[in-house]
Amino acid sequence: MPPPAGRDPMLERSSSRPDDGKSPLRGELVVTLQSQADARSELIGAAPTDDETNRKNMALLIQLRWTAVVGQIVTIGGVHFWLGISLPLARMGAVIGALVLLNVSSLVWVRHRAAITNNELLVALMLDVAALTAQLYLSGGATNPFTSLFLLQVTLGAVLLDARSTWSLVALTCASFVWLTLAYRPLDLPPNPLSETYSLTVAGMLLGFVLNAVLLVVFVTRINRNLRERDAHLAALRQHAAEQDHIVRMGLLASGAAHELGTPLASLSVILGDWRRMPNLAADQELAEDLAEMETSLQRCKSIVTGILVSAGEARGEGSSPTTVTAFVTALVEEWRNARSARTLYFVNTFGEDVAIVSDVALKQVIFNVLDNAYEVSREWVELVAEREGDNLVLSISDRGAGFAPEMLAQLGKPYHSSKGRAGGGLGLFLVVNVVRKLGGSVTAENHRKRGATVRLTLPLATLAIGGSFDA
């Protein structure tokens, strides 16, 4: 039998496709979604968070070095002028000057450095060990009680560096200590009671212990805070990747089902078209009305299948057309009312001056999803308000249902957080949040004081506008 006139070309293509589950479009979708998943995996495996943490830790090392400069100046001045112990002020001052020059250079270098690596932190700590070794060499070597400051460098290395670099720093500090036992400039102690070796040693050990304890608490606490912030950021990235992977799986499942539904829908379309042309069926008015209703429902199913395929592919690809905010929302409301045979949706448009945008199929389905959720729990009244806040389009969908459970509001947009006793909550909102987020917007929800809830979709007009811009 020849195909009847007016038959849907999309359904004819679907019916001519071999039903083997291996359509080219599905293969392209798998490649696209897998590429997105690989990109997200690379994002998690990359080191932007480590680089930012290393930058903060390098800044802490620079602060510690300034503390060391001030501490050395105070200590050298007190020992030389107050205790009367002769020190080589010129050479020790040269070491302090080198530390100052190193710090200034480090500040400039960090500011223009894109990333700070583990090896660069190791070099910074090694330079600090070298400066401390030089000062100890000029002030008694291993007999100087401030040799305990080597432990501060080792502790910082254990917190900041990887295992190999930490052991390298341990080897350097041990070698430096051994060298100071063999080669150093002896202190020339004056003959007075305050300079007895035992008293000076104990006082120096006490001061060194206090310095070690205070600096360790201050700087290790701040370093640990940086590491905790990094771990929290990584955890958030992993959570986001898990949610995106869930979307990938949902997209594959939905697109596969949509492709498989194409063949039976095409067959139904052909059969209904043939039936409407049969004289004995066309003569029966009641049967003709039933056939018309069946065709309307079939067109609705076809629209849903097409929307799934478009949404699973490119959110702003095929199916988009130029329109305006008012025309888009008005047509959307009318289509939803007709498809659900619902006249209890009240539409309020306070957007103001109209703006040209692209009609987005994915966005329309997102709004349909939220409206369906509200209609499930509040069939007697649902309200959609379109308004403008700055450069954003805000769509508020309100109902008079039971509202959201507190745990759902706390986990809004997270998968598998649904309230089984409340229809329309959970996975649908998860998909809504992620689609709106891909368009650069946000989703919020709140319960009314007495009854019902409101879901607000905030969308930047620049994302929806034709060509990515709009006239304010």
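The protein exposes about 25,100 Å², and carbon and sulfur atoms supply 62% of that area. Accessible areas come from the Shrake-Rupley method with a 1.4 Å probe; for residues, only the protein chains shown count as cover. This is a predicted model: local features need pLDDT of at least 70, side-chain atom pairs count only at pLDDT 80 or more, and totals for chains, interfaces and linings use all residues. Residues are numbered from 1 along each chain as its sequence is written, and side-chain values use heavy atoms, with hydrogens and water left out.

Start with the overall make-up. The protein has 15 helices and 7 strands. These are DSSP runs, numbered from the N terminus: helices are H or I with at least four residues, strands E with at least two. Of the 472 residues, 39% are buried. Buried means under 20% relative accessible area, exposed over 50%, and partly exposed in between, with a 1.4 Å probe and protein chains only. Among contacts (heavy atoms within 4.5 Å) with a separation of 6 or more, 75% join residues 24 or more positions apart.

Next, the annotated spans. An unreviewed UniProt entry lists "transmembrane region" for residues 64-83, 89-109, 121-138, 144-161, 168-187 and 199-220. UniProt positions follow the numbering used here, feature names are shortened, and annotations may be inferred rather than shown by experiment. Residues 64-83 are 95% helix and 0% strand, with end C-alpha atoms 26 Å apart. Residues 121-138 are 94% helix and 0% strand, and their end C-alpha atoms also lie 26 Å apart.

Helix 4 covers residues 89-111. Its 23 residues reach 33 Å from first C-alpha to last, close to the 33 Å expected at 1.5 Å a residue. That expectation is 1.5 Å times one less than the number of residues. The buried residues of helix 4 are M92, V95, I96, L99, N103, S106 and V110.

Now the cores. A nonpolar core is a set of buried Ala, Val, Leu, Ile, Met, Phe, Trp, Tyr and Cys residues joined through side-chain atoms within 4.5 Å. The largest has 39 residues; V325, V329, I367, L371, L395, I397 and L457 touch the most other members. Elements giving two or more residues to this core include helix 11 (325-340), strand 5 (392-399) and strand 7 (453-460). Helix 12 gives the most, with 8 residues. Beyond its neighbours within four places in sequence, V329 is in contact with F347, L384, A386 and L395. A second, separate core of 28 residues includes L64, I116, L132 and L136.
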